[in-house]
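Here are my notes from a pass through the model you sent over. Have it open next to you as you read.

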Amino acid sequence: HVRAKELSLLDARRGQNCTILLSRLKLSNREVRHIVLSMDEEEIVTTDMIEQLLKYTPQAEEVSALTHAKDQLDHFAVADRFIWDMAEIPRYEQRLKTLYYIRKFFDRTAVLQEQLQAVASACDQLATSPGFKLILELTLALGNYMNRGARGNVHGFRLGSLLKLGDTKSSQPNMVVGVGQFTLLHYMAKMIDQKEELAAARDLHNQ
């Protein structure tokens, strides 16, 4: 029996590279279809393999050419048949991109997990710190005093306002460090250092 010649309508280099990728995958087109439709719940393929598959999503001109030759489907070359079968999957490229995004997200969060835990721990410590609470109360009280009247008596402020404490300056010279103008931040530090009722704010590192 004479073996029928394979039919390849793809660009030669693209078809060759696609065939090489499929040989590395060691999966049938049916298995790739299952992976894409199930969003790879079983985690069969690696993130790198998904990235490689994205390079060989069906292009409109390829599908058009293959459609005109679909009566010879059984003779399609490996890469051509793969492109044809993947084109049959609804929103194949969008599904694959979504799967890749999910994988990259979890890959990156795994790498950053230690840093994320450190940030979460710091946030928990701030939320439960008596000293930090006192600093916020003092900031609010001073803000209401300075803005007494129409803008005073507010019940809260943005945390970003803490970064501006050093921008609120007195007309008097800085007698605390002897350089520059005396700021609201200096005044708060002086109060915290001198007043016993604010002692908890001096001991933040132990809270």
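1. Ground rules. This is a predicted model, in which local features need pLDDT of at least 70, side-chain atom pairs count only at pLDDT 80 or more, and totals for chains, interfaces and linings use all residues. Residues are numbered from 1 along each chain as its sequence is written, and side-chain values use heavy atoms, with hydrogens and water left out.

2. H1 against H5. Helices here are DSSP runs (H or I, at least four residues), numbered from the N terminus. The axes of H1 and H5 cross at roughly 80 degrees and come within 8 Å; axes are lines fitted to C-alpha atoms over the stretch in contact, and angles run from 0 to 180 degrees between N-to-C directions. The two helices are therefore roughly perpendicular (65 to 115 degrees; under 35 is roughly parallel, over 145 roughly antiparallel, the rest oblique). On the H1 side, Arg14, Gly15, Cys18, Thr19 and Leu22 meet Val78, Ala79, Phe82 and Ile83 of H5, with contact meaning heavy atoms within 4.5 Å.

3. H4 against H5. Helix H5 (residues 78-87) also packs with helix H4 (residues 60-68): their axes come within 10 Å and cross at roughly 105 degrees. That makes H4 roughly perpendicular to H5. Glu62, Val63, Leu66 and Thr67 of H4 make this contact with Asp80, Ile83, Trp84 and Ala87 of H5.

4. How many salt bridges does a search of the whole structure find? There are 5, where a salt bridge is a side-chain nitrogen of Lys or Arg within 4 Å of a carboxyl oxygen of Asp or Glu. One of them pairs Glu62 with Arg14 at 2.5 Å, N to O. This pair links distant parts of the chain, with Glu62 in helix H4 and Arg14 in helix H1 (residues 12-25), 48 residues apart. The cut-offs are under 20% relative accessible area for buried, over 50% for exposed and partly exposed in between (1.4 Å probe, protein chains only).

5. Asp85 and Arg81 meet at 3.1 Å, N to O. Both sit in helix H5, 4 residues apart, or about one turn of the helix. Arg81 is partly exposed, at 28% relative accessibility. Then there is Glu196 with Arg202, at 3.7 Å, N to O. Glu196 counts as exposed at 58% relative accessibility, while Arg202 counts as partly exposed at 34%.

6. Two positive phi angles. Lys26 is not a glycine, yet has a positive phi of about 55 degrees. Lys26 belongs to the loop between H1 and helix H2 (29-37) and is exposed, with a relative accessible area of 69%. Arg91 is also not a glycine and has a positive phi of about 50 degrees. Its place is in the loop between H5 and H6, and at 54% relative accessibility Arg91 counts as exposed. Please look at both when you go through the loops.

7. Val32. This residue of helix H2 counts as buried because its relative accessibility is 3%. What does Val32 contact, leaving aside neighbours within four places in sequence? The partners are Leu27, Phe82 and Met86. For a sense of scale, Val32 and Thr183 are 151 residues apart in sequence and 65 Å apart in space, C-alpha to C-alpha.

8. Leu138. Leu138 lies in helix H7 (residues 130-146) and is buried, with a relative accessible area of 10%. Not counting residues up to four places away in sequence, Leu138 touches Met188, Met191, Ile192 and Leu198.

9. A nonpolar patch on the surface. Tyr101, Ile102, Phe105 and Phe106 form this patch, with about 450 Å² of accessible area together. Patch members have over 30% relative accessible area and no salt bridge; nonpolar side chains (Val, Leu, Ile, Met, Phe, Trp, Tyr) are joined within 5 Å, like charges within 9 Å. Areas come from the Shrake-Rupley method with a 1.4 Å probe, and for residues only the protein chains shown count as cover. Ile102 is placed in helix H6 (residues 92-128) and is partly exposed, with a relative accessible area of 33%.
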